[in-house]
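Dear colleague,

My notes on it follow directly after.

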Amino acid sequence: MESIFKSRAAEEEYHQCYEKSLECFELAGTSRYIATSFGDTHVLSFGDPSKEPLILLHGMTMSSTMWFPNLKHLVQERYVYAVDVMGDFGKSRPKGVIKNRQAANRWMLEVMDALPCSKADLAGHSMGGFLSLNFALAYPDRVSKLLLYAPAGTFHRMSLKFFAKIYPALLFHTEKWIDRAFLWFSGRGEPLHPVFRAQVIAGYRHAKPRLQVMSGVFGEEEFEHFPIPTLLLIGDREVIYPAEKAMANAKRFIPNLEPHLIAGASHSLTMEHADAVNELTLSFLQKEHAPAMR
């Protein structure tokens, strides 16, 4: 395996912070590794295994621990698998590089086959949202419902400000630049939860992401006959792209879409506006959805 961390000691420090973040879940779960052709994928599982499965893909550099404000609610309706995206910060152990959309789908398919999930709900935040939709477009028969939280790119090109904010944090590794990036993502101008912040800082200081997929914009032609009921949540203060334009494109592309602009929220909506996100998510999961019509 090819570690994303600078040293074994750095990896151990990050893993200690990761385990501390897991305590914020206040929820018993299990941890396992799934062998794939891209490396060993770390997966957390929560809830009642007799319930329908829901797979979560986190945002870039955030890891599965970012779901700490959401898990207690999600397990009311689903058995939840939180997957550390291969090559990104987290506990997955890469042995190859995911370089394009096709490779990302092969990795995700291997993970689903090993869980095993013949079909599951799929949810993702930011880069995880892009990867979730990417997989759903390629394998619609494997996805029951799709939940997208401020997906990166996807429906509108990313602002250049995003790259100006995130790359200094990855390059200089200082708390100042890391905090500055995440304060920009915040709709409330608030820093990250202190325990989770310690994990994020450990990642930026000691690791280099190896995920090379770029989150672009999907073409309208890719959505022809797209059958999957989809929830799309974007904050009305989103900073990575104009929220209303992204939402308008999504409405044009996806016939069976439930869109919501979250008042006062920006890119960190799943954490800062967890109450609204959790309520809309549970309502969506509980609904019976009719087949998509164009």
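**Pockets and cavities**

The residues that line the second largest pocket divide into 5 nonpolar, 3 polar and 3 charged. Please note that this is a predicted model. The second largest pocket holds about 150 Å³ of space. Its lining consists of Phe68, Phe182, Ser186, Arg188, Glu190, Pro191, Leu192, His193, Ser268, Met271 and Glu272.

As for cavities, the count comes to 3 of 30 Å³ or more. About 50 Å³ of space lies in the largest cavity. Ile178, Asp179, Phe182, Leu183, Pro191, Leu192 and Arg197 form the lining of the largest cavity, and by class this lining has 5 nonpolar, no polar and 2 charged residues. Helix H6 (residues 175–185) gives the most to the lining of the largest cavity, namely 4 residues. Phe182, Pro191 and Leu192 are named in the lining of the second largest pocket and also in that of the largest cavity.

**Helices H3 and H4**

Two packed helices are described by the angle between their axes and the distance between the axes. For helix H3 (residues 101–114) and helix H4 (residues 127–138), the axes come within 9 Å and cross at roughly 80 degrees. H3 is therefore roughly perpendicular to H4, since angles of 65 to 115 degrees count as such. From H3, the residues Arg101, Ala104, Asn105, Met108, Leu109 and Met112 meet Phe130, Leu131, Asn134, Phe135, Leu137 and Ala138 in H4. The contact of H3 with H4 has 9 nonpolar, 2 polar and 1 charged residues by class.

Most residues other than glycine have a negative phi, and most peptide bonds are trans. Two places may be read against that background. The peptide bond from Leu115 to Pro116 is cis, with omega near -10 degrees; Pro116 is found in the loop between H3 and strand S6 (120–125). Ser126, in the loop between S6 and H4, has a positive phi, near 55 degrees, in a residue other than glycine.

**Aromatic pairs**

A search of the whole structure finds 16 aromatic pairs. In one of them, the rings of Tyr14 and Tyr18 have their centres 6.4 Å apart and their planes at 55 degrees, so the pair is tilted. Tyr14 and Tyr18 both lie in helix H1 (residues 8–22), where they are 4 residues apart, about one turn of the helix.

Yours sincerely

Terms used: Residues are numbered from 1 along each chain as its sequence is written. This is a predicted model: local features need pLDDT of at least 70, side-chain atom pairs count only at pLDDT 80 or more; totals for chains, interfaces and linings use all residues. Side-chain values use heavy atoms; hydrogens and water are left out. On a 1 Å grid over the protein atoms alone, a cavity is a set of points where a 1.4 Å probe fits but cannot get out, and a pocket is an open set with protein on both sides within 12 Å along at least five of seven lines; lining residues have an atom within 4 Å of a point. Grid points are joined across faces, edges and corners, and a volume is the space filled by probe spheres set on the points. Ala, Val, Leu, Ile, Met, Phe, Trp, Tyr, Cys and Pro count as nonpolar, Asp, Glu, Lys and Arg as charged, and the others, Gly among them, as polar. Axes are lines fitted to C-alpha atoms, for helices over the stretch in contact, and angles run from 0 to 180 degrees between N-to-C directions. Helices (H or I, at least four residues) and strands (E, at least two) are DSSP runs, numbered from the N terminus. Angles under 35 degrees count as roughly parallel, over 145 as roughly antiparallel, 65 to 115 as roughly perpendicular and the rest as oblique. Contact means heavy atoms within 4.5 Å. Rings of Phe, Tyr and Trp (its six-membered ring) pair if their centres lie within 6.5 Å; planes under 30 degrees apart count as stacked, over 60 as edge-to-face and the rest as tilted.
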